[in-house]
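Trainee: Could you take me closely through the salt bridges here, pair by pair, and say how exposed the partners are?

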Amino acid sequence: MRSFFRTVTDWHRWLGASGESRAAARAVTGASNLLFLFIVTSGFYLWWPRSWTRNSLRAVTWFRRTQGGRARDFNWHNVVGLWSALPLFVVVLSAVVISYAWASNLVYRLAGEEPPAQQQRPGPPAGGGQQQGAAASVPLEGLDALLSRAEGQVEGWRSITLQLPTKPDAPVTFAIDRGNGGQPQLRSQLTLARATGEVVRWEQYSNNTLGRRVRSWLRFAHTGEVYGLLGQTVAALASAGGALLVYTGLSLALRRLFAWLSRRRALAAARVEPSPAE
């Protein structure tokens, strides 16, 4: 199951690409997110009824019993598009922020802050594993007492993650989570002195800047995790609605195309058909 969901995640993020090909695949998914955002926002304009009557509103706001065909596709496309527009907008907007550094930086600038410097992942150590060996040489004595201190910091915590220090005298940092792992508003970070156990730094979500809070919220609003099971359910239903919108949109487009081709053929046949006088 882990392998299956990892494969699904890789296709969602990088179209199944690996290695150096992921950069090109990520550019494709990022451009797709921008295009999808335009479709979602422009769809509301297309949905807007020409006349605000009871019958016209019912046709685009709730499911109706139809004989099928174009009327059914039209009804489904408008109703599903209306009720999934807002969650889809959040899902796609957050995807754009995740895909592009300029969009992420724009979040901070709109909050009146300077964007943080982009952090690059360190490559493998030149000495062939010296960094890993240095981390392994750090003694683990006393960490249990620090963990007990971290456990008492927050009531109702669900998980605590320890970042192993790279130096024997370096402070020890614990990430304390009261949520499901995807709720930044329920996360906090505690840094303790290795020797004395005193609090070096205590960071809660509410202590972060506005830009950082919004950026963290957008990261997990993309999957709905920020609102727990309810948010994930809404995001899943909106994603399923998006798939249905693709089906009904293509169906309506193909029906219009076939109708146009049929009219052209009928018009061409009428032009070449001889008149009764001839």
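Mentor: A salt bridge is taken here as a side-chain nitrogen of Lys or Arg within 4 Å of a carboxyl oxygen of Asp or Glu. This is a predicted model, in which local features need pLDDT of at least 70 and side-chain atom pairs count only at pLDDT 80 or more, while totals for chains, interfaces and linings use all residues. Residues are numbered from 1 along each chain as its sequence is written, and side-chain values use heavy atoms, with hydrogens and water left out.

The structure holds six salt bridges, among them one between the side chains of Arg 201 and Glu 203, at 3.5 Å from N to O. Arg 201 is partly exposed at 40% relative accessibility, and Glu 203 is also partly exposed, at 24%, where buried means under 20% relative accessible area, exposed over 50%, and partly exposed in between (1.4 Å probe, protein chains only).

Another salt bridge joins the side chains of Arg 72 and Asp 73, at 3.1 Å from N to O; here Arg 72 is partly exposed, with a relative accessible area of 23%, whereas Asp 73 is buried, at 0%.

The side chains of Asp 10 and Arg 22 also meet in a salt bridge, at 3.8 Å from N to O. Asp 10 lies in helix 1 (residues 2-14) and Arg 22 in helix 2 (residues 21-47), so this pair ties together parts that are twelve residues apart in sequence; helices are DSSP runs of H or I with at least four residues, numbered from the N terminus. Asp 10 is buried, with a relative accessible area of 15%, while Arg 22 is partly exposed, at 27%.

Conventions: Helix = DSSP H or I, 4+ residues; strand = E, 2+ residues; numbered from the N terminus.
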